[in-house]
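Let's work through a few exercises together. Keep the sequence and the 3D view open, and try each task before you read its solution.

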Amino acid sequence: TNEFAYAAARKVAESKNVSFNPLFLYSSVGLGKTHLMHSIIWHIKKNDPNRNVIYLTAEQFVYKFVKALRYKDTAAFKEQFRSVDVLMVDDFQFMGNKGTTQEEFFHTFNELHEAKKQIVISSDKHPREIATLEERLRSRFEWGITADIQPPDYETKMAILKKRAELERLDIDPEVMQYVATN
């Protein structure tokens, strides 16, 4: 049900040449955005360990930026985030209402984009639905690919349950599996 998001993530993981930027993943909670982002990182690190990849949550980005402001070390902050090959920011919806931080992210985004460095962002909302997101960031996020991750359908849930039971060597009543897949 999510082959488009998977294919886009795989393209990011396998290619040094940016063909779309950013990759913006969004879905409800618990549908695999963070898992997909971690898969991208693991693939890159396994196949090209010299690529500089930074993964962090929006909350961590905000914290690091506030700390840089407090200690008057914004130059080091900018160098850290603007010299990466791939920047991945998870849970971007938490960046909302942070005017100065959004401005700094905007400039970081622009610099990375111009240098043809990959940006991957995840959120529990589409960029248009993040009410506190500055319009200029919303516009930038829509430059690349936006992939909506949907819950798996019933058949996929059943296949996952059967495979998991097989791997764990569990004998589970089919009615119990149907109940779990339905609920």
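A residue counts as buried when its relative accessible area is under 20%, and as exposed when that area is over 50%. Keep in mind that the model you are looking at is predicted.

**Exercise 1.** Decide whether Phe 81 is buried or exposed.

*Solution.* Start with the value: the relative accessibility of Phe 81 is 0%. The cut-off for buried is under 20%. Phe 81 therefore counts as buried.

**Exercise 2.** Describe how the rings of Phe 61 and Phe 81 are arranged.

*Solution.* Two things are needed here: a pair of aromatic rings is described by the distance of the centres and the angle of the planes. For Phe 61 and Phe 81, the centres are 5.2 Å apart and the planes make an angle of 65 degrees. Centres within 6.5 Å make a pair, and planes over 60 degrees apart count as edge-to-face. The pair of Phe 61 and Phe 81 is therefore edge-to-face.

Next, find the two residues in the chain. Phe 61 belongs to helix H3 (residues 58–70) and Phe 81 to helix H4 (residues 74–82), so their pair ties together parts that are 20 residues apart in sequence.

Now widen the view. The count for the model is 11 aromatic pairs. Phe 61 and Phe 81 also belong to one aromatic cluster, whose members include Phe 92, Phe 105, Phe 141 and Trp 143.

**Exercise 3.** Which residues have the most contacts inside the largest nonpolar core, and which element gives the most to this core?

*Solution.* The largest nonpolar core holds 26 residues, and Leu 87, Phe 92, Phe 105 and Phe 141 have the most contacts inside it. Several elements each supply at least two residues, among them strand S1 (23–26), strand S3 (86–90) and helix H5 (99–114). Helix H3 gives the most, with five residues. A second, separate core has 20 residues, including Ala 9, Val 12, Ile 44 and Met 88.

To finish, take a look at Phe 92. Setting aside neighbours within four places in sequence, the contacts of Phe 92 include Ala 58, Phe 105, Leu 137 and Phe 141.

**Exercise 4.** How many helices and strands does the protein chain have?

*Solution.* Count each kind of element in turn: the chain has eight helices and five strands. Then read along the sequence, and the pattern is α-β-α-β-α-α-β-α-β-α-β-α-α.

Terms used. Residues numbered from 1 in each chain as written. Predicted model: local features only at pLDDT ≥ 70, side-chain atom pairs only at ≥ 80, totals over all residues. Heavy atoms only, no water. Phe/Tyr/Trp six-rings, centres within 6.5 Å; stacked < 30°, edge-to-face > 60°. Helix = DSSP H or I, 4+ residues; strand = E, 2+ residues; numbered from the N terminus. Buried < 20%, exposed > 50% of the residue type's maximum accessible area, 1.4 Å probe, protein only. Core = buried A, V, L, I, M, F, W, Y, C linked by side-chain atoms within 4.5 Å. Contact = heavy atoms within 4.5 Å.
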